[in-house]
Amino acid sequence: QTNPDVLTLDVAMPKMDGYAVLAALRTLPGFSNTLYAAMTGFGHARDFAQTRSAGFEAHLVKPVELKKFEALLLRAQNR
């Protein structure tokens, strides 16, 4: 059984975008305690608002700064 602590998803993928993947993963057993982070090239305020309203707990803009990624991992570890 898979119980990931953190999952990063690109929101702009072909065929099935990150929002659809997030919705599908949330229905699976073992994924309810996962911290979901959008990892995208989109970094405007409306993009942050859209990922937050979709259920992402973090929004990382590519290229992701190492310190921000490390902070995300620490956040997941301390849940």
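1. A salt bridge here is a side-chain nitrogen of Lys or Arg within 4 Å of a carboxyl oxygen of Asp or Glu. With that in hand, have a look at this predicted model: by this rule, the count comes to three salt bridges.

2. Start with K62 and D10, whose closest N and O atoms are 2.9 Å apart.

3. Next come R79 and E57, with 3.2 Å between their closest N and O atoms. R79 belongs to the segment after α3 and E57 to the loop between α2 and β3, so here the parts tied together are 22 residues apart in sequence. R79 is exposed, at 54%, while E57 is partly exposed, at 29%.

4. E65 and K68 form another salt bridge, at 3.9 Å from N to O.

5. Now turn to helix α1, residues 18–25, where G18, V21, L22 and L25 are buried. They cover an arc of only 100° around the axis, which puts them on the same side of α1. Their cover includes β1, β2 and α2.

6. Finally, find the one aromatic pair. The ring centres of Y19 and F56 are 5.9 Å apart and the planes stand at 75°, so the pair is edge-to-face. It links Y19 in helix α1 with F56 in the loop between α2 and β3, 37 residues apart. Y19 is partly exposed, at 21%, whereas F56 counts as buried, at 4%.

Note on methods
Residues are numbered from 1 along each chain as its sequence is written. This is a predicted model: local features need pLDDT of at least 70, side-chain atom pairs count only at pLDDT 80 or more; totals for chains, interfaces and linings use all residues. Side-chain values use heavy atoms; hydrogens and water are left out. Buried means under 20% relative accessible area, exposed over 50%, partly exposed in between (1.4 Å probe, protein chains only). Helices (H or I, at least four residues) and strands (E, at least two) are DSSP runs, numbered from the N terminus. The arc is that of the directions from the helix axis to the C-beta atoms. Contact means heavy atoms within 4.5 Å. Rings of Phe, Tyr and Trp (its six-membered ring) pair if their centres lie within 6.5 Å; planes under 30 degrees apart count as stacked, over 60 as edge-to-face and the rest as tilted.
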